[in-house]
Amino acid sequence: MPEFLTALQDQPCRLSTPALLCSLGDNLAAIAHKLFTGERGLTVTEGFTPGRALPLGLVSGELPPMHDWPAEHRSRNNQLLAAALQQLAPQLDALRSRQPQARIGVVLGTSTSGIGESEAAVVHFQQHGDWPASFAYQRQEIGSPSAFVAAHLGLNGPAYTLSTACSSSARALASGRRLLALGLCDAVIAGGADSLCALTVNGFAALEAVSDQPCLPFSPKRRGINIGEAAALFLLTPEPGGIQLAGYGESSDAHHISAPLADGSGAQAAMQAALNMAGISAAQVDYVNLHGTATAQNDSMEAQAIHQLFGDQIPCSSTKALTGHTLGACGALEAAFCWLALREGCLPPQVNDGVTDPALAPIRLATAGAAPLRRALSNSFAFGGNNAALLLERTDD
């Protein structure tokens, strides 16, 4: 094992209670209830695709006002993050009371940033020939989320944003763990956010990857994804105990701009790397949160990868059936679902039409119920075969 990997293996990385907003709710109790009972949080709307009603994972409820923020920070994406930061505040306050001079980093993942606001500005330009007075190009830059969080909290540590499509926030958690292991930060706010916008919804529709019905992961009738939005944040600290980010794995297929490598070898490599860093075998994993987009190619290759590594004994499920695919936020969101599963000792059930595609490699899809969970693996696979897997472990402390 490489020396750096060995050093990472020996470094603790405690995950705080997650701060979450998604279509299942804006507090952990409501989200956990729907997660473990398999209640979908999808809204059918033509809001982004006039003339075509689609089920989308919309965040409902009031978000923090942004009228007094600097123009470059005013975006729905940052409003989602601000709402998550409100949930994270007690944990940040506790850290700062213990370590007033704590070096706190920020690593976030996104794919949309403030593109939704730029879409509205482009419409204004087309209609009036000039940009709205409130328009600020910076809000759509990929770096906007981390710049906003750092400015919002008055932090001056490392702050950057990763954008690797649907593995973005999973990679942000891995990057945060590295900052701690290298001694560059005393704590890291890590996670991600993506907000719904016309670009992403219509972009996936143009790829014929969007389903007009609630998605059906691993079913023979699966027809594609539902798009969603979310924010998910953790406070990472180099402390033992609690729920640990025990390992991560990253790989790249470099096979196709949007399609995964069909044999699942890239996905399997990422999962195996996460197991290696955690120092465990596949048989020691108790639950796998699948990337499970309900597209023909993803579910086929992921089933192969899971079967090759775990066989058909470990319970697995894709929670995108409940929230929609939250793109750059899904890695952190689904890591948070694994965190909840470990804390509660409950399995998130697989929601589809009750039928598993017999053409897929056999895997065990989870049903609702209590289970003695100690370790959970969360998969995030992105365009270009950009793969990430996170291994969470509940300790006895």
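1. Let me start with valine 122, which sits in helix H4 (residues 115-128); helices here are DSSP runs of H or I with at least four residues and strands are E runs of at least two, numbered from the N terminus. Valine 122 is partly exposed, at a relative accessible area of 36%. The cut-offs are under 20% for buried and over 50% for exposed, with partly exposed in between (1.4 Å probe, protein chains only). Together with Phe125 and Trp131, Val122 makes a nonpolar surface patch of about 260 Å². Areas come from the Shrake-Rupley method with a 1.4 Å probe, and for residues only the protein chains shown count as cover. Patch residues have over 30% relative accessible area and no salt bridge; like charges are joined within 9 Å, and nonpolar side chains (Val, Leu, Ile, Met, Phe, Trp, Tyr) within 5 Å.

2. A word on what you are looking at: this is a predicted model, in which local features need pLDDT of at least 70 and side-chain atom pairs count only at pLDDT 80 or more, while totals for chains, interfaces and linings use all residues. Residues are numbered from 1 along each chain as its sequence is written, and side-chain values use heavy atoms, with hydrogens and water left out.

3. Next, have a look at strand E5 (residues 104-109), where 6 of the 6 residues are buried. Ile104, Val106 and Leu108 point one way from E5, Gly105, Val107 and Gly109 point the other way, and all are buried.

4. Which strands pair with E5? Strand E7 (residues 187-194) pairs with E5 in the parallel sense over 6 bridges, and glycine 105 stands opposite valine 188 of E7. Strand E6 (residues 159-162) also runs parallel to E5, joined by 4 bridges; there, leucine 162 is the bridge partner of glycine 109. For pairing, DSSP has to find at least two bridges between the two strands.

5. H11 is mostly covered, with 13 of its 15 residues buried. Just after H11, glycine 345 takes a positive phi of about 65°.

6. On to charges: the count comes to 12 salt bridges, each being a side-chain nitrogen of Lys or Arg within 4 Å of a carboxyl oxygen of Asp or Glu. One of them joins glutamate 239 and arginine 98 (3.9 Å, N to O). This pair links distant parts of the chain, 141 residues apart: glutamate 239 is in the loop between E8 and E9, and arginine 98 is in helix H3 (residues 76-98). Glutamate 239 is partly exposed, with a relative accessible area of 30%.

7. Arginine 178 and glutamate 250 also meet in a salt bridge (3.2 Å, N to O). Arginine 178 lies in helix H6 and glutamate 250 in strand E9, so the pair ties together parts 72 residues apart in sequence. Both residues count as partly exposed: arginine 178 at 24% relative accessibility and glutamate 250 at 29%. Arg171, Arg178 and Glu250 are linked in a network of salt bridges.

8. A further salt bridge joins glutamate 344 and arginine 343 (2.8 Å, N to O). Glutamate 344 is partly exposed at 38% relative accessibility, as is arginine 343 at 43%.

9. Finally, two backbone angles to check. Most residues other than glycine have a negative phi. Alanine 294, in the loop between strand E10 (287-289) and helix H9 (296-310), has a positive phi of about 75° and is buried, with a relative accessible area of 0%. Leucine 327, in the loop between H10 and H11, has a positive phi near 55° and counts as buried at 4% relative accessibility.
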